[in-house]
Amino acid sequence: MTNWSALSDACGSADHVPALLDRFEADPSGVWSDLMDHLCPQLDTVYAASFAALPRLADIASRSDGEHRRWVLLAAGAIMSCAPTGDDVFEALSAPIAILHQLTDQSLRETPDTETYVALLQSLLSFEGVEIWDRCLEGLETGEYEVDCPYCGVNLFIVIGKADCFAASDDYSLREVEKTPLHPLRPDEQEGLAKRLHDRTFADGQHVISRGVPYLFGRATCPDCGTAFSVSDRIVSRHH
Ligand SMILES: [Zn+2]
């Protein structure tokens, strides 16, 4: 049994967490913000009670389905995205994490809404201990990332849009600006996570996301200084 009073969350003693989880189970979307305020504020801070809640979240997810289940998986995914790769929690909680991973894998195939799909895909990666990409895939859905040029340091917009894929150093939404085209990975260059994300999103029918993945892992050119660079390397460096 978890000794909740010995643990803390964002608001102090975790005594009240079991009751909070009961309320979350009854109404995941309604209690989501309350749960996150206690266990994962700003979606980037965790406490001992956050990880202690994972077995219960796995249990709730197992006994729910559809949108209900997705909220539970996203809560657990937010918590796990705060655990560094190789953290002890992956071994200590391997059983509930395996359940959460399997349910997320299954939910992805049943989630047509692209925004929710990408959030769940990040959760899937968080249960595997993949860092950075468990919180940096949203740009594939919004169509935009911001990075720094590795040479001149200027802030760049990397646009992975439905109509156009380019880099720009000025706000392209306000006026005509100089744009340099992005160079996506060729199919024979795709490997590792890039290939897996491309193939998985395609198989799940998320074709807009799938089409963007080779650009995310491809190359861009700084419109200001002409330096070519790897888009994903710059995203990783900004988040380290
Ligand atoms: Zn530059």
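Strands are DSSP runs of E with at least two residues, numbered from the N terminus. In this predicted model, serine 230 belongs to strand S8, which covers residues 228-230, and threonine 180 belongs to strand S6, which covers residues 180-181.

**Helix H4**

- Within helix H4 (residues 54-62), the residues that are buried are Leu54, Leu57, Ala58, Ile60 and Ala61.
- Because these buried residues fall within an arc of 165° when H4 is seen down its axis, they line one face of the helix.
- The partners against which the buried residues of H4 pack are helix H1 (17-26), helix H3 (48-52), helix H5 (66-80) and helix H7 (94-108).

**Serine 230**

- Serine 230 has a relative accessibility of 15%, and it therefore counts as buried, the cut-off being under 20%.
- Its side chain reaches the backbone nitrogen of aspartate 233 at 3.1 Å.
- When neighbours within four places in sequence are left aside, serine 230 is in contact with Gly218 and Arg219.

**Threonine 180**

- With a relative accessible area of 12%, threonine 180 is buried by the cut-off of under 20%.
- A polar atom of the threonine 180 side chain lies 2.6 Å from the backbone oxygen of threonine 221.

Note on methods. Residues numbered from 1 in each chain as written. Predicted model: local features only at pLDDT ≥ 70, side-chain atom pairs only at ≥ 80, totals over all residues. Heavy atoms only, no water. Buried < 20%, exposed > 50% of the residue type's maximum accessible area, 1.4 Å probe, protein only. Helix = DSSP H or I, 4+ residues; strand = E, 2+ residues; numbered from the N terminus. Arc of directions from axis to C-beta. Contact = heavy atoms within 4.5 Å. Polar contact = N/O pair within 3.5 Å; in protein donor to acceptor, adjacent residues only side chain to side chain.
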